[in-house]
Amino acid sequence: MNKQYSTIELVSPKNPEYISNNRRYKKIYDASRKNKGVDHFSKAYNKALIKWEHVMQCLLSHLTSEVEERILKYSGHRAGFDFREIDFISQPSAEALIFCELKLKKDYKENLGEKASGWAQLNKSIAIASQKYNKLGGLAICVDMSHVYGLTSSASEHDYCQYSDLVGYLLTPSLEHRTIWLNSLEVSALAIQYGLLTEDDISHMKKLYQENENPLSVLPGGGVEAINNPFITLNKLLKS
């Protein structure tokens, strides 16, 4: 039997209860990391990923009516409320909603598991929301970032959905597990066109990715060679 929820509603990311809930979990997380070092490369890279996710949200809003209240608030059998963030919600009609999960991927993969594609998150969100909203669908949107990162993609042009063709997916709710891929080259060009990113932002994203993958690359003589033998870099620094 499916678990029943109550007080199901969509609220703004600025909702005071949601913000308070996030602060509480952040305190718990910070306490667990109190005696651990900070990975500044990872922190900078993940901050940039959040910015790119916002870019995707803005681009999608040009294609469909966006529901800005994209936080799913609900109550189970315990006191208080729980929250689930939906990356983007399309509202093609007054009665219909399409929950979208956005994933920025290092490279294209033809087959993704439910967690990797975003469908694990979507399934639970849709199961909860469907107890209130009747006409509901989901869509997982993955962006192949290899082109921005300077990597060789395993995808062909036929593997990508064109930005303009996204409209068809955002107008009809479907419970079919639809996962589509976008090319980061097209996303970058559109982001520049709409004033969401600059060419420097895109170049910087590549740099942040490379530093996150290989922190030693920031040192003189860094790179793959330094990863295989970090003493090479250390020796160069001692001689300088």
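Start at the second largest pocket, which holds about 400 Å³ of space. The model is predicted: local features need pLDDT of at least 70, side-chain atom pairs count only at pLDDT 80 or more, and totals for chains, interfaces and linings use all residues. Residues are numbered from 1 along each chain as its sequence is written, and side-chain values use heavy atoms, with hydrogens and water left out.

**Stop 1: the second largest pocket**

Select Tyr29, Arg33, Lys36, Gly37, Val38, Asp39, Ser42, Lys43, Asn46, Lys47 and Ile50; these line the pocket. A pocket here is an open set of points on a 1 Å grid over the protein atoms alone, where a 1.4 Å probe fits, with protein on both sides within 12 Å along at least five of seven lines; lining residues have an atom within 4 Å of a point. Grid points are joined across faces, edges and corners, and the volume is the space filled by probe spheres set on them.

Colour this lining by class: 3 nonpolar, 3 polar and 5 charged. Ala, Val, Leu, Ile, Met, Phe, Trp, Tyr, Cys and Pro count as nonpolar, Asp, Glu, Lys and Arg as charged, and the others, Gly among them, as polar. Helix 2 gives the most, with 5 residues. Helices (H or I, at least four residues) and strands (E, at least two) are DSSP runs numbered from the N terminus.

**Stop 2: the largest pocket**

Move to the largest pocket, with a volume of about 530 Å³. Of its 20 lining residues, select Ile50, Glu53, Asp87, Glu101 and Leu102, the closest to its centre. Then show helix 2 (40-61), strand 3 (82-85), strand 5 (96-105), helix 3 (114-117) and helix 4 (119-129); each gives two or more residues to the lining. Helix 2 has the largest share, 6 residues. By class, the lining has 6 nonpolar, 5 polar and 9 charged residues.

**Stop 3**

Show the open sheet of 4 strands, in the order 4-5-6-7 with mixed pairing. Two strands pair if DSSP finds at least two bridges between them.

Zoom in on strand 5 and strand 6 (residues 135-144): they run parallel, joined by 10 bridges. Pick Phe99; its bridge partner in strand 6 is Gly138.

**Stop 4: helices on the sheet**

Bring back helix 2. It lies across strand 4, strand 5, strand 6 and strand 7, at about 145 degrees to strand 5. Axes are lines fitted to C-alpha atoms, for helices over the stretch in contact, and angles run from 0 to 180 degrees between N-to-C directions. Finish with helix 7 (residues 184-193), which packs on the sheet and touches strand 6 and strand 7. Contact means heavy atoms within 4.5 Å. The direction of helix 7 makes about 65 degrees with that of strand 7.
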